[in-house]
Amino acid sequence: MSVPIIYVVSDSVGETAELVTKAAISQFNGSGIALKRFPYVEDKEHIDEVVSLASLDKGMLAYTLVKPQMRTYMKEQAEKHGIHAVDLIGPIIDQIEEYSGKRPLNEPGLVRKLDDDYFKKVEAIEFAVKYDDGRDPRGILKADIVLIGVSRTSKTPLSQYLAHKRLKVANVPIVPEVDPPEELFRVPKEKCFGLKISPEKLNSIRRERLISLGLNDKASYANIERIKEELSFFDKVVNKINCPVIDVTSKAVEETANIILNYFHKNRQ
């Protein structure tokens, strides 16, 4: 049986939703249940995307959406796709409104203390989204940290994790058919980190990804020879940059992030 997945969805950072969900999971010893957090889900298109992914994974939804129309839409879409879904904040907002006679503001993120530290975190998260997957190479020179690696080496989740530590992170995919952006070779090598992975592990990850998308796992994307070609090209790129390389084959995102954070702060000192 595949690992149960709970999609934690929020129209803000999503920490409240994640904490509540983790508290509930702890009653099951937290074993064998995975979490995927989706922050800043503020429109119906984002809800459609998350519901589609949850449906694909046969997952569950736990959400904190303060706008009534978004809560209603999420509930409708979950029911339409036969997905278990829990509204973590809507019922208590409704009860407080009925009890107090006051109207809620229905503005996401008000629970957060609006201090400099919070704004830095939000700015870093927005930066990570904007400069994810090499979308805009101009972000490379603006970043505190630049992550490079072939597809499926956890660049995006790692960028988001580090963003929650208030670091601006850009990540760049390495593909043999595409020359790396010129900006990549102008970044101080101490800011750049290559993410290395074994061919066998990457093959397994990519095959599972293709299957989850309903595609043929024999596609070139998961072909072992193609993977070795990509990793060989990756080696050439990181050797040219002369940046640190981290083997993420058997590491969780948190482990990799801690290595990067230690290295980053040590160099700043």
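Which residues of helix 1 are buried? They are Ala17, Glu18, Thr21 and Ile25. Looking down the axis of helix 1, you find these buried residues within an arc of 95°, so they line one face of the helix. Keep in mind as you explore that this is a predicted model. Below is a short tour, topic by topic.

**Helix 1**

- Helix 1 covers residues 15-26, which makes 12 residues.

**Nonpolar cores**

- The largest nonpolar core holds 37 residues, and the ones that touch the most other members are Ile145, Val146, Leu147, Ile148, Leu162, Leu184 and Ile260.
- Several elements each supply at least two residues of this core, including strand 5 (145-149), helix 6 (155-163) and helix 9 (253-268).
- Helix 8 gives the most to this core, with 7 residues.
- Apart from it lies another core, of 16 residues, and among them are Val9, Val50, Ala54 and Leu61.

**Salt bridges**

- Side chains of opposite charge can pair when their charged atoms come close.
- In this model, the count comes to 14 salt bridges.
- Lys121 and Glu15 meet through their side chains in one of them, at 3.1 Å from N to O.
- This pair links distant parts of the chain, since Lys121 is in helix 5 (residues 116-130) and Glu15 is in helix 1, 106 residues apart.
- Lys121 counts as buried because its relative accessibility is 11%, under the 20% cut-off, while Glu15, at 23%, counts as partly exposed.
- Arg138 and Asp136 form another salt bridge, with their closest N and O atoms 2.7 Å apart.
- Arg138 is exposed, with a relative accessible area of 56%, whereas Asp136 is buried, at 16%.
- Asp217 pairs with Arg207 in a salt bridge whose closest N and O atoms are 2.9 Å apart.
- Asp217 sits in the loop between helix 7 (199-212) and helix 8, and Arg207 sits in helix 7, so the pair ties together parts that are 10 residues apart in sequence.
- Asp217 is buried, with a relative accessible area of 16%, and Arg207 is partly exposed, at 33% relative accessibility.
- Salt bridges also link Glu177, Arg206, Arg226, Glu229 and Glu230 in a network.

- Leu56, Leu213 and Leu215 make a nonpolar surface patch of about 260 Å².
- Leu56 belongs to helix 2 (residues 44-57), and this residue is partly exposed, with a relative accessible area of 38%.

Conventions. Residues numbered from 1 in each chain as written. Predicted model: local features only at pLDDT ≥ 70, side-chain atom pairs only at ≥ 80, totals over all residues. Heavy atoms only, no water. Patch = residues over 30% accessible without salt bridge, like charges linked within 9 Å, V, L, I, M, F, W, Y side chains within 5 Å. Areas by Shrake-Rupley, 256 points an atom, 1.4 Å probe, with all protein chains shown as cover. Salt bridge = Lys/Arg side-chain N within 4 Å of Asp/Glu carboxyl O. Helix = DSSP H or I, 4+ residues; strand = E, 2+ residues; numbered from the N terminus. Buried < 20%, exposed > 50% of the residue type's maximum accessible area, 1.4 Å probe, protein only. Core = buried A, V, L, I, M, F, W, Y, C linked by side-chain atoms within 4.5 Å. Expected span 1.5 Å × (residues − 1). Arc of directions from axis to C-beta.
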